[in-house]
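Work through the exercises below with the sequence and the coordinates open. Each task is followed by a solution in steps.

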Amino acid sequence: MDFLKTLQIGKENPGVSTGAKWIKSTGKYIPSYSPVDGKLIGSVKAGDQSSYKAVVETAEKAFAEWRLWPAPKRGEVVRQIGDELRKFKDPLGKLVSYEMGKSLQEGMGEVQEMIDICDFAVGLSRQLHGLTMHSERPGHRMYEQYHPLGIVGIISAFNFPVAVWSWNSMLAWVCGDVSIWKPSEKTPLCGYACQKIVQNVFKKNQVPEGVSCLVTGGREIGEWLSNDTRIPLVSATGSTRMGKAVAASVGQRLGRSLLELGGNNAIIISKEADLSIALTAAVFGAVGTAGQRCTTTRRLIIHEKIYNQFKDKLVHAYKQLKIGNPLNEKNHVGPLIDKDAVDMYLNAIKRCVDEGGKFIVEGGVLKGKGYESGCYVKPCIAEAKNSYEIVQHETFAPILYIMKYKTLDEAIALQNGVPQGLSSAVITTNLLEAEKFLSHAGSDCGIANVNIGTSGAEIGGAFGGEKETGGGRESGSDSWKVYMRRQTNTINYTDKLPLAQGIKFDL
């Protein structure tokens with residue numbers, strides 16, 4: 001395929017890098033099979049303890065130099081990375097689609113997110129502001145400033161194999177940090193391709209070796225990062241189970257963890273909703289990326305007066321969905337990432353039925369021509385209760401649960417009545433309903449939307465959630481502060497030493 005050649009991806013590819021250099025490793029090759037057609041795309045060499053050690057040592061040396069570069073100069077490097085990503089948007093977007101299985105439009109959109117965060121980070125490089133405060137002591141000035149933090153460990157998930165890395169790395173780099181990235185072992189070629197793209201820019205700008213590091217591998221790499229006292233911040237995206245393990249390891253050594261974990265997102269559809277908006281928001285939110293987004297719409301909470309009407313619209317819309325090769329832009333839904341994901345999908349359907357759920361759009365695995373990988377499934381819809389155990393858990397698949405409500409308070413209670421707290425939405429033309437949903441008594445999620453769905457966040461806003469979603473914030477707003485260390489400074493410009501709180505200490 002042409003896009004593989006453009007990205008210099010071969011049958012066997014190195015998987016450990018400190019920037020311009022690739023590090024030898026005795027690790028095994030990790031094969032990457034496309035869920036699109038089941039074919040082997042290529043393999044990536046996994047890291048071992050020796051190569052990991054070399055990466056961390058190089059990153060430490062790089063940080064000592066990189067943190068001294070003026071932030072706008074670091075921003076200029078990131079600006080050039082954004083330009084390089086523009087050149088490679090088409091082949092990288094196709095690789096994302098082919099290796100992960102999301103639609104081509106979503107693959108291109110993910111690379112656009114990378115470009116957007118580069119633009120955001122460039123502006124940020126001139127705005128790493130601290131505050132000046134008034135001192136209670138005469139002749140004193142008090143202020144705070146932010147300094148580079150150090151090495152940032154990045155553990156990313158398969159469903160956004162390049163965007164989430166860029167959210168972390170571009171901000172970390174303009175903040176003066178260096179990064180070590182462990183991409184998902186399910187999408188290792190995306191990690192390899194990104195490192196190749198960045199290498200060109202770093203080499204041209206004589207960026208210190210070790211600012212952008214890559215260590216491909218499985219769970220053990222994440223454990224090394226989490227337990228390494230030389231890495232002050234570990235940013236991890238994935239399941240709640242994984243996040244709890246990372247948090248425990250990092251917390252035990254009093255490090256920082258930035259966690260973006262599971263979502264169990266709901267849309268409340270009011271009796272005063274614009275149903276055309278509601279339908280688009282619900283269907284795209286539920287089936288986009290084959291239900292493999294942390295912001296996927298998993299639950300619809302529908303007012304009882306429009307429940308049957310909207311249910312009929314949903315069923316009709318699902319009949320129009322085209323499932324197939326995601327590189328074909330006519331298809332709406334691609335495959336799940338692998339057969340393990342298919343098994344989880346089938347198990348969730350069975351558990352829902354066992355608990356009393358009724359499927360109004362049946363699920364199943366697709367077979368035959370075009371579905372040879374065994375990873376294509378039917379998006380399905382079940383009438384269910386929020387209290388079902390399976391509804392309380394996140395299933396990374398296109399299964400949508402629908403339920404009724406009478407009052408807005410009841411709907412908000414249902415929306416909040418799960419362990420996760422990432423994204424939420426209400427579809428309504430009633431201003432009072434919208435405002436209550438966004439109030440202290442409304443959604444308990446990190447993201448709360450009105451008249452749009454639960455997925456499709458923009459990079460300008462801080463992304464993340466509460467409760468079992470982990471509490472982390474990435475991307476926009478003031479998310480940059482987690483990548484830096486805050487320092488409060490007080491300067492006495494007099495010939496006396498008055499103490500705070502009026503304390504007297506005479507000698």
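**Exercise 1: Helix H7**

Task: Compare the span of helix H7 (residues 188-204) with the span expected at 1.5 Å a residue, then state how far H7 is covered.

Solution. Step 1: H7 has 17 residues, and from its first C-alpha to its last it reaches 25 Å, close to the expected 24 Å. The expected span is 1.5 Å times one less than the number of residues. Helices (H or I, at least four residues) and strands (E, at least two) are DSSP runs, numbered from the N terminus.

Step 1: H7 is mostly covered, with 14 of its 17 residues buried. Buried means under 20% relative accessible area, exposed over 50%, and partly exposed in between (1.4 Å probe, protein chains only).

Step 2: Just after H7, Gln 206 has a positive phi of about 55°.

A note on the source: this is a predicted model, in which local features need pLDDT of at least 70 and side-chain atom pairs count only at pLDDT 80 or more, while totals for chains, interfaces and linings use all residues. Residues are numbered from 1 along each chain as its sequence is written, and side-chain values use heavy atoms, with hydrogens and water left out.

**Exercise 2: The chain as a whole**

Task: Why does the radius of gyration of the chain agree with that of a compact globule?

Solution. Step 1: For 507 residues, a compact globule would have a radius of gyration near 23 Å; the chain has 24 Å, so the two agree. The radius is taken over C-alpha atoms, and the globule rule is 2.2 Å times the number of residues to the power 0.38.

Step 1: Along the principal axes, the C-alpha atoms fill a box of roughly 80 × 60 × 40 Å.

Step 2: The chain has 15 helices and 23 strands, and 57% of its 507 residues count as buried.

Step 3: Of the contacts in the chain with a separation of 6 or more, 75% come from residues 24 or more positions apart. Contact means heavy atoms within 4.5 Å.

**Exercise 3: The faces of helix H11**

Task: Which residues of H11 are buried, and where do they fall around the helix axis?

Solution. Step 1: Helix H11 (residues 307-319) has 13 residues and reaches 19 Å between its end C-alpha atoms, close to the expected 18 Å.

Step 1: Tyr 307, Phe 310, Lys 311, Leu 314, Ala 317 and Tyr 318 are the buried residues of H11. Seen down the axis, they fall within an arc of 125°, so they line one face of the helix. The arc is that of the directions from the helix axis to the C-beta atoms.

Step 2: Asp 312, His 316 and Lys 319 are exposed on the other side of H11.

Step 3: The cover over the buried residues of H11 includes helix H10 (275-287), strand S12 (265-269) and strand S16 (399-405).

**Exercise 4: Positive phi**

Task: Is Ser 475 buried or exposed?

Solution. Step 1: Ser 475 lies in strand S22 (residues 474-475), and its phi is near 75°.

Step 1: Ser 475 counts as buried because its relative accessibility is 1%.
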